Structure formats: structure tokens, C-alpha cells
Amino acid sequence: EILETLAKENGVSDVLDFVGQKDKDQIVPFYQDADVFILPSSKEGMPNVVLEAMACGLPIVMTPCQGSDELIRNNGFVCDTSHFGEKLKELAFDDTQRRVMGMASISRVRDEFTWDRTTEKYIKLMKGILS
């Protein structure tokens, strides 16, 4: 309700939809309909929600938190929320940059965050610990 009120007060309620919480099997269409994924969080590990958005080809705008350095490389921006507006404006007016970053998101997920790759990293970590 607070966000809906803010949207009305700022004259943007006609371009926003508040759809509420969704189950995992319902979220992919929301990613596919989006142009950018935004995560204004101060405390995260490596957020699965960002990986999901990347797999759906979205550029990412997120705050610095654990995992952001691993996730964001040429596929979005890591910045304080005070800079979100300028980054979103930049992406809104540059279709090419948005597409290139979206493709970079897909590539990062495909190349770095598959189950096989993740398993390899855990095995290497465990071997290092047990050696």
C-alpha cells in the first residue's frame, strides 16, 4: 500500500503494476515482460533472484552487496540507490545498451552459473579445505 501511494503521489501509477507475491512457477513471465531488473538491497548473499533475472536476459541495476561483484560484469550496474534513477534513465533511452547488457546476463549465467560449473567450484573448494 505504501508503494502504491507513493506511485500515485509521484504521478507514475499508470505505468506501474503491483501484482503481489508470486510462486516460483509464476514468475518467469514477469521477468520476460520486464526491461530491467532492479535490486535495492543492502544485505544479500548471492541473490538467486538476480540469477533468475539474468537467465531471462535482463540488465541488472543493484546495490553493492555480497555477490554483486561476481554477478555484474558488463551486464548491468552496481551502485547506491541514489544513482538508480540515472542508471534507469540511461537504460530507458538506450535500447542497444539494454539489449547488449541483457545478452551479457544470459552469457554470464550460461558460462558461470550452471549446476555443473557450481558443482566444480564446490568440489575445488572442498578439496582445498580437506588438503
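Trainee: What makes helix 3 and helix 6 count as meeting?

Mentor: This is a predicted model, and in it Leu51, Met54 and Ala55 of helix 3 meet Ser105, Ile106, Arg108 and Val109 of helix 6. Contact requires heavy atoms within 4.5 Å. By class, five nonpolar residues, one polar and one charged make up this contact. The two axes come within 7 Å and cross at roughly 115 degrees, and the crossing is left-handed.

Trainee: How do you know what length helix 7 should span?

Mentor: Helix 7, residues 115-130, has 16 residues, and at 1.5 Å a residue they should span 22 Å. The end C-alpha atoms are 22 Å apart, so the value agrees with the expectation.

Trainee: And why is helix 7 said to lie largely in the open?

Mentor: Buried means under 20% relative accessible area. The number of buried residues in helix 7 is zero, so the helix lies largely in the open.

Trainee: Why is Asn74 called exposed?

Mentor: The cut-off for exposed is over 50%. Asn74 has a relative accessible area of 66%, so Asn74 is exposed. Asn74 lies in the loop between helix 4 and strand 3, and its phi is near 65 degrees, a positive value in a residue other than glycine. Most residues other than glycine have a negative phi.

Trainee: Which residues have the most contacts inside the largest nonpolar core?

Mentor: Among them are Phe37, Val50 and Met54, in a core of 16 residues. Helix 3 gives the most to this core, with four residues. Another core, of seven residues, lies apart and includes Phe77 and Leu91.

Methods: Residues numbered from 1 in each chain as written. Predicted model: local features only at pLDDT ≥ 70, side-chain atom pairs only at ≥ 80, totals over all residues. Heavy atoms only, no water. Axes fitted to C-alpha atoms, helices over the stretch in contact; angles between N-to-C directions. Helix = DSSP H or I, 4+ residues; strand = E, 2+ residues; numbered from the N terminus. Left-handed = near helix turned anticlockwise from the far one by under 90°. Nonpolar A, V, L, I, M, F, W, Y, C, P; charged D, E, K, R; others polar. Expected span 1.5 Å × (residues − 1). Buried < 20%, exposed > 50% of the residue type's maximum accessible area, 1.4 Å probe, protein only. Core = buried A, V, L, I, M, F, W, Y, C linked by side-chain atoms within 4.5 Å.
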